[in-house]
Amino acid sequence: MPGLPARCPRPRDLRRGAVLTWVFLVAVGAAASTGCWDRTGAATAGSAAVLPSVRTSAPAPQASRPAGTADREAVARAAAEAVAEGKSGKKAAQEVVSRSGDRWGAVYDQGEYAAFAEDLDGRWTGVGLWAGRGRGGRVEVERVQPGGPAARAGLRAGDRLLSVDGHVVTGLAVADVVALLRGAAGTPAVLCLSRDGADFTETLRREQLRAEPVTVRELPGGITVIKVASFTRGSGERVRAAVRAAPAGARLMLDLRGNPGGLVTEAVTAASAFLDGGLVATYDVRGTQRALYAARGGDTTRPLVALVDSGTMSAAELLTGALQDRGRAVAVGTRTFGKGSVQMPTRLPDGSVAELTVGTYRTPGGRSLDGAGITPDVPADEGAEERARTVLGGLGVGP
């Protein structure tokens, strides 16, 4: 932090393009659906496959296509025609996806798709801060990665972010802001911020970073809090390990607030920590129904509360819905985001990859998550954790 705040340079306008939408897809866990596909593209309900794979074979004839989704053949054809004319296949594909109304559809170039895979490993390249929407729609620093570039520069939660590399961020989707913060390791990121009414500028160097997806802490009264930041590779087993390691008689709080989703296979594994087998979710791919099941042997006796909010998305919603529908957990918090659609990757002629919506998920009780989200059993905004502790006190007797 500088001793005296410097005035920020006048930022330039940002042309919001589809090139930035891939981070939003990562952020809301669109990769969750691809985790249900093996490396050849065959459906594998409950499969151990966790890396989004690319179809290299010719697209199969489509059955019924959900409304508001892109036609895979039309996208591939537009890309092929553009490449034949010496134009950008990715750009042509993006135009088709944009016109289709596919809310979660996106097209990545090869570098973006590689970064997408890094996210699913819990790795990314950036400055080590999480951006969120604050009061009045402004963009704020929600938290800072310990030891990362932002932390070393003295940035902290609550700082208002005004621009990144001269691009105004006010009014942008948070995902677009995240896209600006990303970049190659070693490249500079010039951030204009405001704190307590004073503007200042920090120049940070992007680094390769890694986050721990599952953390555990103990609260007074015999409560074990298991916080799942995202469903990246290995997070499901970490949740199972945390449950097994919880003290005898402990009540459990599963904190899924701000969890943007990730790999559905990891969410199913996490569900197995609390269920003794049985249905976790159903999903359809172009009209064909499939199901995901928990493994047997989970802890079904200790009281459990799931903490959720509007940042609980995709795979995290799928897990919450399963625990709620099967009577295993009481959900406490605010309504979740409402992302419950299935995306499938398709390799395009220029090497780019299109992720297109092909179906939707449903909870064991048949509820569709997409657009609706999950309504918690116990509403709570401020003081949600304290409310959850009260609920847990009524669910079981501590040690």
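The crossing of helices α9 and α10 in this predicted model is right-handed. Packed helices like these come down to two numbers, the angle between their axes and the distance between the axes. Here α9 and α10 (residues 315–325) meet at about 30 degrees, and their axes lie 9 Å apart. Since angles under 35 degrees count as roughly parallel, α9 is roughly parallel to α10. On the α9 side, the contact is made by Val264, Ala267, Ala270 and Ala271, while α10 brings in Ala315, Leu318 and Leu319. Sorted by type, the residues of this contact come out as seven nonpolar, with no polar and no charged ones.

As for burial, seven of the eight residues of α9 (residues 264–271) are buried, so this helix is largely enclosed by the rest of the structure. The buried set is made up of Val264, Thr265, Glu266, Ala267, Val268, Ala270 and Ala271. Helix α10 is mostly covered as well, with ten of its eleven residues buried. Among the buried residues of α10 are Ala315, Leu318 and Leu319, the three that α10 puts into the contact with α9. The buried list for α10 also includes Glu317, Thr320 and Gln324. Just past the end of α10 sits glycine 327, which takes a positive phi of about 70 degrees.

Next come the strands. Strand β17 (residues 341–347) is mostly covered, and six of its seven residues are buried. Its pairing partner is strand β18 (residues 353–362); the two run antiparallel and are joined over seven bridges. One place to look is proline 345, whose bridge partner in β18 is glutamate 355. Together β17 and β18 make a hairpin, with five residues between the two strands. In that turn, glycine 351 has a positive phi of about 90 degrees.

Threonine 203 gives a view of another strand, β8, which covers residues 198–205. With a relative accessibility of 53%, threonine 203 counts as exposed, because the cut-off for exposed is over 50%. Alanine 150 is 53 residues away from threonine 203 in sequence, yet the C-alpha to C-alpha distance between them is 9.4 Å.

Technical notes. Residues numbered from 1 in each chain as written. Predicted model: local features only at pLDDT ≥ 70, side-chain atom pairs only at ≥ 80, totals over all residues. Heavy atoms only, no water. Buried < 20%, exposed > 50% of the residue type's maximum accessible area, 1.4 Å probe, protein only. Helix = DSSP H or I, 4+ residues; strand = E, 2+ residues; numbered from the N terminus. Pairing = 2+ DSSP bridges. Axes fitted to C-alpha atoms, helices over the stretch in contact; angles between N-to-C directions. Parallel < 35°, antiparallel > 145°, perpendicular 65-115°, else oblique. Left-handed = near helix turned anticlockwise from the far one by under 90°. Contact = heavy atoms within 4.5 Å. Nonpolar A, V, L, I, M, F, W, Y, C, P; charged D, E, K, R; others polar.
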